[in-house]
Amino acid sequence: MARKQKQEIADFTPIEWAAFQANEWYKALRKAGFTVEQSMELISDRNSYPDWMLPDRDDNIIPFIDPDDDEDD
């Protein structure tokens with residue numbers, strides 16, 4: 001039988017952490033009594049996440065790009 005290796009925190013990518021957070025947020029909402037539909041609505045809205053779950057603004061990987069800013073003007 002193969003032994004399962006312990007995975008280090010550094011082994012996870014930011015997108016994997018986001019998936020973990022969404023999963024944990026969903027499970028917490030369901031445990032608190034929210035319906036499936038309510039829980040899905042809340043996890044799809046990042047503004048509904050607790051502040052301590054969200055990364056600091058300095059940690060953003062993808063910078064905000066203003067769609068109205070046209071460099072070719």
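The legends below walk through several close-up views of a predicted model.

Because the model is predicted, local features need pLDDT of at least 70 and side-chain atom pairs count only at pLDDT 80 or more, while totals for chains, interfaces and linings use all residues. Residues are numbered from 1 along each chain as its sequence is written, and side-chain values use heavy atoms, with hydrogens and water left out.

**View 1. Helix 1 and helix 2 cross each other.** Helix 1 covers residues 14-31 and helix 2 covers residues 36-43; helices here are DSSP runs of H or I with at least four residues, numbered from the N terminus. Their axes come within 9 Å and cross at roughly 145 degrees. For these values, axes are lines fitted to C-alpha atoms over the stretch in contact, and angles run from 0 to 180 degrees between N-to-C directions. The crossing of the two helices is right-handed, a label used if the near helix is turned clockwise from the far one by less than a right angle. Helix 1 brings Ala22, Trp25, Tyr26, Leu29 and Arg30 to the contact, and helix 2 brings Val36, Ser39, Met40, Leu42 and Ile43 (contact means heavy atoms within 4.5 Å). Sorted by type, these residues are eight nonpolar, one polar and one charged. In this sorting, Ala, Val, Leu, Ile, Met, Phe, Trp, Tyr, Cys and Pro count as nonpolar, Asp, Glu, Lys and Arg as charged, and the others, Gly among them, as polar.

**View 2. Ser39 sits in helix 2 and Lys27 in helix 1.** Ser39 is buried, with a relative accessible area of 0%, whereas Lys27 counts as partly exposed at 42%. Buried means under 20% relative accessible area, exposed over 50%, and partly exposed in between, with a 1.4 Å probe and protein chains only. The two residues are 12 apart in sequence, and 8.4 Å separates them in space, C-alpha to C-alpha. Leaving aside neighbours within four places in sequence, Ser39 touches Tyr26, Leu29, Arg30 and Phe34. The side chain of Lys27, for its part, makes a polar contact of 3.0 Å with the side chain of Glu24. A polar contact is a pair of N or O atoms within 3.5 Å; within protein, one must be able to donate a hydrogen and the other to accept it, and residues adjacent in sequence count only if both atoms are side-chain atoms.

**View 3. Ser48 lies in the segment after helix 2.** Its side chain and that of Trp25 are joined by a polar contact of 3.5 Å. A polar atom of the Ser48 side chain also lies 2.8 Å from the backbone oxygen of Asp45. Beyond neighbours within four places in sequence, Ser48 is in contact with Trp25, Leu42 and Ile43.

**View 4. Four aromatic pairs are found in the whole structure.** Rings of Phe, Tyr and Trp (its six-membered ring) pair if their centres lie within 6.5 Å; planes under 30 degrees apart count as stacked, over 60 as edge-to-face and the rest as tilted. Phe12 and Trp17 make an edge-to-face pair, 5.6 Å centre to centre with 75 degrees between the planes. Trp25 and Tyr49 have ring centres 5.9 Å apart and planes at 45 degrees, so their pair is tilted. Because Trp25 lies in helix 1 and Tyr49 in the segment after helix 2, this pair ties together parts that are 24 residues apart in sequence. Trp25 counts as buried at 16% relative accessibility, and Tyr49 counts as buried at 4%.
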